[in-house]
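Please examine the sequence and the model displayed below. The explanation that accompanies them is intended to be read with both in view.

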Amino acid sequence: MNHPSQQAVDLQCDYQPDVDLLYAWIGEPEAAENVEVEPGIYVRVSPSSRSVVGIEVLDCAARFHRDPSTVDSRFAKSLIDRYRAAALEEFARTNPPTLFSSEQ
């Protein structure tokens with residue numbers, strides 16, 4: 001049984017083995033702020049929805065001791081799940097919500 005928080009997510013993944021770089025995003029790419037949760041691991045948070053919309057990982061296969069052929073969307077999802085809470089906590093700390101929006 002799926003709980004509402006476990007809905008299917010449209011996760012796209014781009015892994016570049018020549019530079020060992022993983023970039024994954026949820027839904028359509030959008031403007032986001034990078035939150036560095038560990039050196040070289042950036043969780044992308046949407047300022048408008050205050051939700052995680054992607055992740056970038058430098059030296060991905062080497063960092064996690066993985067064969068580059070196993071760096072895929074399933075692995076990217078596991079990283080997003082692993083770092084989501086820390087990223088949202090840091091984002092909230094550095095971008096507290098305001099009562100009024102400056103957008104017109």
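The model is a predicted one. Helix 2 spans residues 73–94 and bends by about 50° at Tyr83. At the start of helix 2, the backbone nitrogen of Arg74 has a side-chain oxygen of Asp72 within 3.3 Å. Tyr83, the site of the bend, is also among the buried residues of helix 2, together with Phe75, Ala76, Leu79, Ile80, Ala87 and Phe91. These buried residues pack against strand 1 (11–16), strand 2 (21–26), strand 3 (33–38), strand 4, strand 5 (51–58) and helix 1 (60–63).

Strand 4, which comprises residues 41–46, contains Arg44. Arg44 is classed as buried because its relative accessibility is 13%, under the 20% cut-off. The side chain of Arg44 forms a polar contact with the side chain of Asn34, at 2.8 Å. Beyond its neighbours within four places in sequence, Arg44 is in contact with residues including Tyr23, Glu30, Glu33, Ser51, Val53 and Glu56.

How many disulfides does a search of the whole structure find? The search finds 0. A disulfide is a covalent bond between the sulfur atoms of two cysteines. For Cys13, the closest cysteine sulfur is that of Cys60, and the separation of 8.2 Å is too far for a bond; the criterion requires sulfur atoms within 2.5 Å. Likewise, the closest cysteine sulfur to that of Cys60 is in Cys13.

Notes
Residues are numbered from 1 along each chain as its sequence is written. This is a predicted model: local features need pLDDT of at least 70, side-chain atom pairs count only at pLDDT 80 or more; totals for chains, interfaces and linings use all residues. Side-chain values use heavy atoms; hydrogens and water are left out. Helices (H or I, at least four residues) and strands (E, at least two) are DSSP runs, numbered from the N terminus. Buried means under 20% relative accessible area, exposed over 50%, partly exposed in between (1.4 Å probe, protein chains only). A polar contact is a pair of N or O atoms within 3.5 Å; within protein, one must be able to donate a hydrogen and the other to accept it, and residues adjacent in sequence count only if both atoms are side-chain atoms. Contact means heavy atoms within 4.5 Å. The bend at a residue is the angle between axes fitted to the seven residues ending there and the seven starting there.
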